[in-house]
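I opened my notebook for a quick tour of this structure. Here is what I looked up, in the order I went.

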Amino acid sequence: MEFNPTSLEIDESSNSLTFKVSEDYIGQFHANPLKYAKQNFSIADFIEANQGKDFNKYTVTFVTSKGTLRVHYNEDGEITSSSQRFIDVNLPYKSIVEILKANEGYKIISTKHLAYSKSSWTPDKEYYKVKLENGKNRKNVKMNISRNASGVAVATLE
């Protein structure tokens with residue numbers, strides 16, 4: 001995975017920094033975006049590059065072709081919140097089966113994966129939104145995601 005920021009200086013018009021993440025394969029970043037940000041971005045270096053600009057919070061956005069991770073930091077470099085939004089993601093096999101069994105005759109036409117955290121490197125709320133179609137009929141299904149002790153995601157229909 002490539003991560004080569006040209007500059008750590010903040011965009012003063014938006015008070016934020018945006019990075020384009022190049023993946024070795026589709027879905028690599030989406031597998032664990034917060035872990036990637038924690039391991040590959042130095043908030044300390046970022047704050048140092050912007051000292052003297054009198055900022056008390058920072059927003060860093062990581063962008064791929066499938067979505068974004070936005071991380072908000074305070075003046076001490078601690079995470080205050082994060083949000084993730086990815087489109088057209090592959091659902092876990094069991095989730096696909098559960099959706100299609102509960103919605104006989106429908107097919108999946110789009111998926112979204114959304115996650116949010118407050119002052120943590122682990123999502124506090126995480127879910128899939130799935131758009132289904134059966135001829136002219138369409139419906140949306142929301143699946144909440146919880147993680148078991150080994151970190152495996154378990155999605156359940158709402």
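**Confidence.** I began by reminding myself that this is a predicted model. The protein chain has a mean pLDDT of 83, and 83% of its residues reach 70 or more. I then checked residues 1-6, where pLDDT stays under 50. The model has 17 contacts beyond four places in sequence for residues 1-6, but I leave them alone: where pLDDT is low, the predicted coordinates should not be read in detail.

**Helix H1.** Which residues of H1 are buried? In this helix, residues 33-40, I found Pro 33, Leu 34, Tyr 36 and Ala 37 buried. Looking down the axis of H1, I saw its buried residues fall within an arc of 160 degrees, so they line one face of the helix. On the face turned away from that buried side I noted the exposed residues Lys 38 and Gln 39. Next I asked what covers the buried residues of H1. The cover includes strands S2 (57-64), S3 (67-74) and S4 (79-87).

**Positive phi.** Most residues other than glycine have a negative phi, and I wrote down two exceptions.

- Asp 88 is not a glycine, yet has a positive phi of about 50 degrees. I located Asp 88 in the loop between S4 and helix H3 (93-102). Its relative accessibility is 42%, so Asp 88 counts as partly exposed.
- Ser 119 also has a positive phi, near 50 degrees. I placed Ser 119 in the loop between strand S5 (107-118) and strand S6 (125-134). Buried or exposed? At 53% relative accessibility, Ser 119 counts as exposed, because the cut-off is over 50%.

Key
Residues numbered from 1 in each chain as written. Predicted model: local features only at pLDDT ≥ 70, side-chain atom pairs only at ≥ 80, totals over all residues. Heavy atoms only, no water. Buried < 20%, exposed > 50% of the residue type's maximum accessible area, 1.4 Å probe, protein only. Helix = DSSP H or I, 4+ residues; strand = E, 2+ residues; numbered from the N terminus. Arc of directions from axis to C-beta. Contact = heavy atoms within 4.5 Å. pLDDT = per-residue confidence, 0-100.
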